[in-house]
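Me: Please walk me through this one, and tell me where the labels come from. I like to see each value set against its criterion.

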Amino acid sequence: MISMRGVDKFYAAEKPALVDIDVEIEQGEFVFVVGHSGSGKSTLIKLLLREIFPTRGHIVVAGQDLIRLKNWKVPFLRRNIGCVFQDFKLLPTKTAYENVAFALEVIGRSRHVTRTQVPEVLRLVGLEDKMESYPDELSGGEQQRVSIARAFVNRPPLLLADEPTGNLDPQTSLGIMSLLSRINKTGTTVLVATHDREMVDSMRRRVIALENGRIIRDQDRGVYGYDD
Amino acid sequence: MTISIGYFLRESVINFRRNWIMSLGAVITIYLSLLLVGVSFATGYVVTEIVKDVESKVEIQIFLKDGFAEEDMLELQQFLSSDPLVEAVNYTSKEEALAKFKEDMKESPEIIEQMEGNPLPASLDVKLIDAREVEVVVAKIKGNPTFPQVADKPDNPEESLKYAKQIVNRLFALTRVVRTVEVVFIGMLAIVSLIFINNTIRLAIYARRKEIGIMRLVGASNWFIRTPFLLEGVFQALIGAALAIGTIVVLERAIMPRLREVLAFLDLGLSGSVMVQISLILIGGGILIGLIGSGLALRRYLKV
């Protein structure tokens, strides 16, 4: 699903954001990428979305060679990648239902598809009662569920989450993580960038640890493992 | 696809309303530049018509001395009639010249009253097929040996010739100056329109940056994101074009009758087909300005 070989990323000549990254992630895996702020987690996510190019190396995502991928094809790559962020990125003028439906509308799905899939995915994230609520009427955890519903409504084979629990309390975070875990069980590859120690330690999944842009550890059923 | 068209139209109208002051600025500048384009086309058309009309009326008059020998006059008339550049040669007698003069001057009878006898010379009026050949025909007349014998002023035969070459040339020179000034003005206004559209689209993009970010995230195609903004620019330009066309129609109604009154001897008027042509040019020009203006804004401010 994801293959990175010898990837370097330099924003400025002397300051590497990522150095010599080799990662293979198979379809259906659940992977944590952990590290302090500035360790390169967000850069990694941006590279996978092809928002930025690596300075060196090869990246293949969902069967697409991102280095050779033509610009106009990038949107079609992103339809295969669901995205969840710390700040939810919901539109405040749209209801939960409309926010999720928006993701289908703008990729040209028919109204019929929207009408059947949106309620279904909102039920999956446990918000069937709040479909008509606006983001400011929802709690942080509920907003993140809407954002996950939006990322997953198109059934992408890959889901990327950048600090999905960064703004949430531990109780709520646990709910979000179990939701991501449930999505993973449907066969979707899930990659979560986080510095939420408790979460990582309790889940016991594959952990890739970054420090100063380098992979310092990659273990199955790992723990957060920094002493900070 | 039907959903998309509705979506794009709705989005561009929403953008337009959200920023209506800036949009109004864009509409007004497009309106003014297209109005100038339209007026310049219309005047250009009218002037061309006038020039054509004047050209068709260009005549060389050969004034004849009193008591000229009739056979000399006939010989000269014969000589000119056989020339391929000449359409017709008509003889005007002293009496006919006086009658025509009185007819032309009937507004000011005091001039006629002051006239003693008939001071007007008889003339041969040479009508040309092409007004631009006037110099050639004049040279031929001067070269004819009979001409000095019948000319009104035998000492200086050239003064017995009257022709209106300068009018045509001056009209052409005038239109050229007017055209140049117009092109400069239109160019400047077009640039101002582009800047205005550029700005409104930039604001529209800024107002919707969050939505655009999400659209990119979930994989909306580039043209899907761009189209509403392109349409908005075209939308503004079309409103400007419609206003310009309306103004030109009103101006035509107001000005042309007066012009016709003043220049009664000319056959003036903008036919319906000319108005349609001008409208099409304005609409096409408007769409072009709209597309370029918003296209520039998209290239600079909307990285997709």
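Reply: Happy to. Two strands pair if DSSP finds at least two bridges between them. Helices (H or I, at least four residues) and strands (E, at least two) are themselves DSSP runs, numbered from the N terminus. This is a predicted model, in which local features need pLDDT of at least 70 and side-chain atom pairs count only at pLDDT 80 or more, while totals for chains, interfaces and linings use all residues. Residues are numbered from 1 along each chain as its sequence is written, and chains are lettered from A and ligands numbered from 1 in the order in which they are written.

Me: What makes S4(A) and S5(A) a pair?

Reply: DSSP has two bridges between S4(A) and S5(A), in the antiparallel sense, and because at least two are required, they qualify. Val61(A) has Gln64(A) in S5(A) as its bridge partner. The two strands form a hairpin with two residues between them, and Ala62(A) in the turn has a positive phi of about 50 degrees.

Me: How many bridges join S1(A) to S2(A), and how many join S1(A) to S4(A)?

Reply: Strand S1 (residues 2-12) of chain A has seven antiparallel bridges to S2(A), and five to S4(A), again antiparallel. Lys9(A) is bridged to Leu18(A) in S2(A), while Asp8(A) has Arg56(A) in S4(A) as its partner.

Me: Why are S2(A) and S5(A) at the edges?

Reply: The open sheet of chain A has four strands in the order S2-S1-S4-S5, with antiparallel pairing. Strand S2 (15-25) and strand S5 (64-65) of chain A each have a single partner strand, so one side of each lacks a neighbour in the sheet. Helix H1 (residues 41-48) of chain A lies across S1, S2 and strand S4 (56-61), running at about 115 degrees to S1(A). For such angles, axes are lines fitted to C-alpha atoms (for helices over the stretch in contact), and values run from 0 to 180 degrees between N-to-C directions.

Me: How do you know what span to expect of H4(A)?

Reply: The expected span is 1.5 Å times one less than the number of residues. Helix H4 (residues 111-124) of chain A has 14 residues and reaches 20 Å from first to last C-alpha, close to the 20 Å expected. Just after H4(A), Gly126(A) takes a positive phi of about 80 degrees.

Me: Which residues count as contacts of Ser133(A)?

Reply: Contact means that two C-beta atoms, placed from the backbone, lie within 7 Å. Beyond its neighbours within four places in sequence, Ser133(A) is in contact with Thr95(A), Ala96(A) and Leu138(A). Ser133(A) and Ala96(A) are 37 residues apart in sequence, yet 5.8 Å apart from C-alpha to C-alpha.

Me: What makes up the side of chain B that touches chain A?

Reply: There, 14 residues of chain B are in contact with 13 residues of chain A. Helix H1 (2-18), helix H9 (209-217) and helix H10 (222-262) of chain B each supply at least two residues of that side, with H9(B) giving the most, six. The side divides into seven nonpolar, five polar and two charged residues. Here Ala, Val, Leu, Ile, Met, Phe, Trp, Tyr, Cys and Pro count as nonpolar, Asp, Glu, Lys and Arg as charged, and the others, Gly among them, as polar. For the complex, the predictor gives an ipTM of 0.83 and a pTM of 0.68.

Me: Where in chain B is confidence lowest, and where is it highest?

Reply: The scale is pLDDT, the predictor's confidence in each residue, from 0 to 100. Within chain B, H1(B) is lowest, at a mean of 74, and helix H11 (residues 272-301) is highest, at 88. The chain B mean is 81, with 92% of its residues at 70 or more.
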